[in-house]
Amino acid sequence: MKKLVSLAATLVLVLSLSMSTVVSAQEQDPIKKSELLKGFKISLILNSEKTDMQIILNHYLAQLCEDAGADLTVVNADGDIAAQAQLIEDCIVQQPDLVFLKPLDGTALASSVKKLNEADIPVITYDMAMAEDADCHVDCMVNTDQESCGHLAAEYFKSVADETGETLKVIEVMGDMSTNIPLLRGPQSFEADLETYDNVELIAATEAKWDASKAYDVTIDMLTAHPEANAIFSHSDCLSQGIVQALTDLGRLVPAGEEGHMYYASVDGEAIGCQHVQEGYLDQISNNNPHTMCTLAFWAAVDILHGYEVPEELLFPATPINSSNVDEAWGLTPIDTMPTWGWDDTDAYVLQTPFVEE
């Protein structure tokens, strides 16, 4: 009988503690916006800062955390997978309350991320994701819906073909195919859509490894082998400089509206891409908005640390940047104004933690 009473008391205690946890998460008093992460240690593990997109993603997320009072540590692997794995393992010693990770390789880093899991440290990835079959757990993956980037480009080419009566013959300048982003932007969306069209045809596709100089070489090679090509899809604006230079050297750089214009769609919204839209050489960019991405990653961290459940994936759709709206694009926003940006206005997720303005 004593054992039964003891067991019952234990169950009551466990239920009471569970209920108190729920109440504390759901009915806590509002927190000042500037103190949403006060008292929390956050580690931000970067992969590189070679492009405008990477710089803004990294620094804007850091800005949001610091503005919310976080004790923030930022480290950069500078493009080295082994270095990033070591940085992940080093941060475990510091016992942060949460880690933001922009992984260089979603497969190679799985064992390091698993060590974060074993240490009960929550992990949020942003922009890049761990591989689907990676033997580790990520609490939340935040990204643009990368397939929507490819779909937008395909839809643009289809609309051109329908309106002009032309058959579009497309070359594709791809990113680093060892990572998941180009697979989502290319084969799983853009290329899949083109297979259903009768007036837009993919005639060549080559990997450029996110390198503008390689993009130059592969564009020259594909257009030399396929002079009938009249459209280009690029996986990123970081390749645009090489593509535009290749078109220039081949005598095929013609602005929109003039005979011989090469229809051109890209992804991201970086300054160089926006400049080419303004000049009339690039027709549409699938907006991979870092303001939205960082805001969602920040909100997910706040909610996790305050006891709320968040989705394992937070995806938001890409939107088109073209000549009608390019002047307002994120890529043309001066980076030195970052401290004034605040939170992005997105409805892709609603912050659950109650807060008050200052």
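The chain has 10 helices and 14 strands; helices (H or I, at least four residues) and strands (E, at least two) are DSSP runs, numbered from the N terminus. This is a predicted model, in which local features need pLDDT of at least 70 and side-chain atom pairs count only at pLDDT 80 or more, while totals for chains, interfaces and linings use all residues. Residues are numbered from 1 along each chain as its sequence is written, and side-chain values use heavy atoms, with hydrogens and water left out.

Now the overall figures. The C-alpha trace spans about 90 × 40 × 35 Å along its principal axes. Of the 358 residues, 52% are buried, meaning under 20% relative accessible area, with exposed being over 50% and partly exposed in between (1.4 Å probe, protein chains only). Take the contacts (heavy atoms within 4.5 Å) between residues at least 6 apart in sequence: 78% of them join residues at least 24 apart.

On charge, there are 16 positive and 59 negative side chains, and the centres of the two sets lie 11 Å apart. Lys and Arg count as positive and Asp and Glu as negative; His and the chain ends are not counted. The place of a charge is NZ of Lys, CZ of Arg, CG of Asp or CD of Glu.

Next, the sheet. Six strands form an open sheet with mixed pairing, in the order E8-E7-E9-E10-E11-E13; two strands pair if DSSP finds at least two bridges between them. From one strand to the next, the twist averages 20 degrees. Axes here are lines fitted to C-alpha atoms, for helices over the stretch in contact, and angles run from 0 to 180 degrees between N-to-C directions.

Inside this sheet, strand E7 (residues 168-174) and strand E9 (residues 231-234) run parallel, joined by four bridges. Val-173 has Ser-234 in E9 as its bridge partner. Helix H6 (residues 180-194) packs on the sheet, touching E7, E8, E9 and E10, and its direction makes about 175 degrees with that of E7.

Last, the pair of strands. Strand E6 (residues 140-144) runs parallel to E12, with four bridges between them; Met-141 is partnered by Glu-313 in E12.
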